[in-house]
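Welcome! Take a look at the sequence and the 3D view, and then read on.

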Amino acid sequence: MNTGGPMRRIVIDRPGGFDVLRLLEKPVPEPAAGEVVIACRACGVNYADGIIRMGLYASARKLHGYPITPGFEVAGTIAALGDGVEGWRVGDEVIGLTLFNGYASHLCLPAEGVFPKPARLDFEQAATVPTVFLTAWWMVHRQLHPQAGETWLIHSAAGGVGSALLQLAHLADVRAVGVVGAAHKVEHARTMGAESVIDKSRGDLWEEAERLAPDGFDAVFDANGVATLKQSYEHLAPTGRLVVYGFASMLPKNGRRNWLSLALDWLRTPRFNPMDMTQSNRSVLAANLSFLQSHAPTMREGMEWLLERFADGRLEPLPVESRPLPEAAEAQRRIESGQTVGKLALIP
């Protein structure tokens, strides 16, 4: 079956700065047995995509290699069905969860990676759900197992995963304290479910954290890396859990790698002592969605759980800023500079 063409996609031939993102045209893929082709109406952009561009994302190196097309999530319509695919028709509105290849006008996926788009979400909102909300769901419901009344500290609370964590905390009757880096992000964090918001650009983060939770936090979610990891661990309550899912403060701010700076930050990264952990009953957990392929059935369960709550309004989509596909470099630049609130999408 010919689904038409051409397909447009962003390709990175080798790691580097924003200039390595190239727009290419290729034939539209043909679905094999058990696969579908999605005509993408929107592609989600995540901080991890920039790390892929820099050559610092472990799963991109180990599981794929270069050249590579970044992108973990899309939304669009079914354009073609492979043999044996049931339950879908051409034209159905869907969300696709993929391991790379998302920055494209068409995407071929196994049917197991495709989900019905909730009617409440437009394509841009839907394309920005899977990565951040599924990451948050995994940490909250497969690692932490939240208890009502707990107090959590959520760094980067105006970002994608941070915003998702705030909403999941609210659903679990957890008191969430959000941390943001600029005044214009405070209201967004409150809207997402933060009971209190610390704007670290206006005062000392840890003094305010101690005021809000003098006995410590039951969980701290940290994607900053060396800038906050040590203090995040030290501000846990007994039986508290530090959940690590990124190292943003250790990564370049200008789009290019600085190996000396990376090495120094690696040396400064805290090493948690198991003997201390057993005596204090504190734990360190970690998550990276791209290394969870062996848990695909659980990931599908998580997506279905999330989409059910988007469909009935218990979860709300994040604000989305959109850019055309050829402006992928500018989209990544905005995320890496911290300018965005919520999520960003590319329109093929």
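## A lysine out of the solvent

Lys117 has a relative accessible area of 12%, so it counts as buried. Please keep in mind throughout that this is a predicted model. You can find Lys117 in the loop that runs between strand S7 (114–116) and helix H3 (123–127).

What does the side chain of Lys117 have beside it? A polar atom of that side chain lies 2.5 Å from the backbone oxygen of Leu121. Setting aside residues up to four places away in sequence, Lys117 also touches Glu93, Val94, Ile95, Asp122, Phe123 and Ala126.

## A buried glutamate

Glu73 sits in strand S4 (residues 73–81). With a relative accessible area of 0%, Glu73 is buried. Its side chain reaches the backbone nitrogen of Thr131 at 2.8 Å.

Which residues surround Glu73? If neighbours within four places in sequence are left aside, the contacts of Glu73 include Cys43, Gly44, Val45 and Asn46. The run Ala127, Thr128, Val129, Pro130 and Thr131 is also in contact with Glu73, and so are Gly96, Thr98 and Lys343.

## Two helices that cross

Two packed helices are described by the angle between their axes and the distance between the axes. Here, helix H4 (residues 130–144) packs against helix H11 (residues 296–311) at an angle of about 110 degrees, and their axes are 10 Å apart. That angle makes H4 roughly perpendicular to H11.

On the H4 side, the residues that meet H11 are Pro130, Phe133, Leu134, Trp137, Trp138, His141 and Arg142. Their partners in H11 are Thr298, Met299, Glu301, Gly302, Met303, Trp305, Leu306 and Phe310. Sorted by class, this contact has ten nonpolar, three polar and two charged residues.

## An enclosed helix

Now turn to helix H12 (residues 328–336). Seven of its nine residues are buried, so H12 is largely enclosed by the rest of the structure. The buried ones are Ala328, Ala329, Ala331, Gln332, Arg334, Ile335 and Glu336.

What covers these buried residues? The cover includes strands S1 (7–12), S2 (21–26) and S3 (35–45), together with helix H1 (47–54). Strands S14 (320–324) and S15 (343–347) are also part of the cover. Just after H12 comes Gly338, which takes a positive phi of about 80 degrees.

Leu21 lies in strand S2. At 13% relative accessibility, Leu21 counts as buried. Apart from neighbours within four places in sequence, Leu21 is in contact with Ile10, Val11, Ile12 and Arg53, as well as with Ala328, Ala329 and Gln332.

Asp19 belongs to the loop between S1 and S2. Is Asp19 buried or exposed? Its relative accessible area is 56%, so Asp19 is exposed. Asp19 and Ala329 are 310 residues apart in sequence, and their C-alpha atoms are 7.2 Å apart in space.

## Cysteines without a bond

A disulfide is a covalent bond between the sulfur atoms of two cysteines. How many disulfides does the structure hold? It holds zero. For Cys43, the nearest cysteine sulfur is that of Cys40, 4.9 Å away; a disulfide would need the sulfur atoms within 2.5 Å. Cys43 is buried, at 0% relative accessibility.

Cys108 is in no disulfide either: its nearest cysteine sulfur, again that of Cys40, is 11 Å away. At 25% relative accessibility, Cys108 counts as partly exposed.

The peptide bond from Tyr66 to Pro67 is cis, with omega near 5 degrees. Pro67 is in the loop between helix H2 (58–64) and S4.

Two residues other than glycine have a positive phi. For His145, phi is near 55 degrees; this residue lies in the loop between H4 and strand S8 (151–154). His145 is partly exposed, with a relative accessible area of 45%. For Ser156, phi is about 50 degrees, and its place is in the loop between S8 and helix H5 (160–171). Ser156 counts as partly exposed, at 34% relative accessibility.

Terms used
Residues are numbered from 1 along each chain as its sequence is written. This is a predicted model: local features need pLDDT of at least 70, side-chain atom pairs count only at pLDDT 80 or more; totals for chains, interfaces and linings use all residues. Side-chain values use heavy atoms; hydrogens and water are left out. Axes are lines fitted to C-alpha atoms, for helices over the stretch in contact, and angles run from 0 to 180 degrees between N-to-C directions. Helices (H or I, at least four residues) and strands (E, at least two) are DSSP runs, numbered from the N terminus. Angles under 35 degrees count as roughly parallel, over 145 as roughly antiparallel, 65 to 115 as roughly perpendicular and the rest as oblique. Contact means heavy atoms within 4.5 Å. Ala, Val, Leu, Ile, Met, Phe, Trp, Tyr, Cys and Pro count as nonpolar, Asp, Glu, Lys and Arg as charged, and the others, Gly among them, as polar. Buried means under 20% relative accessible area, exposed over 50%, partly exposed in between (1.4 Å probe, protein chains only). A polar contact is a pair of N or O atoms within 3.5 Å; within protein, one must be able to donate a hydrogen and the other to accept it, and residues adjacent in sequence count only if both atoms are side-chain atoms.
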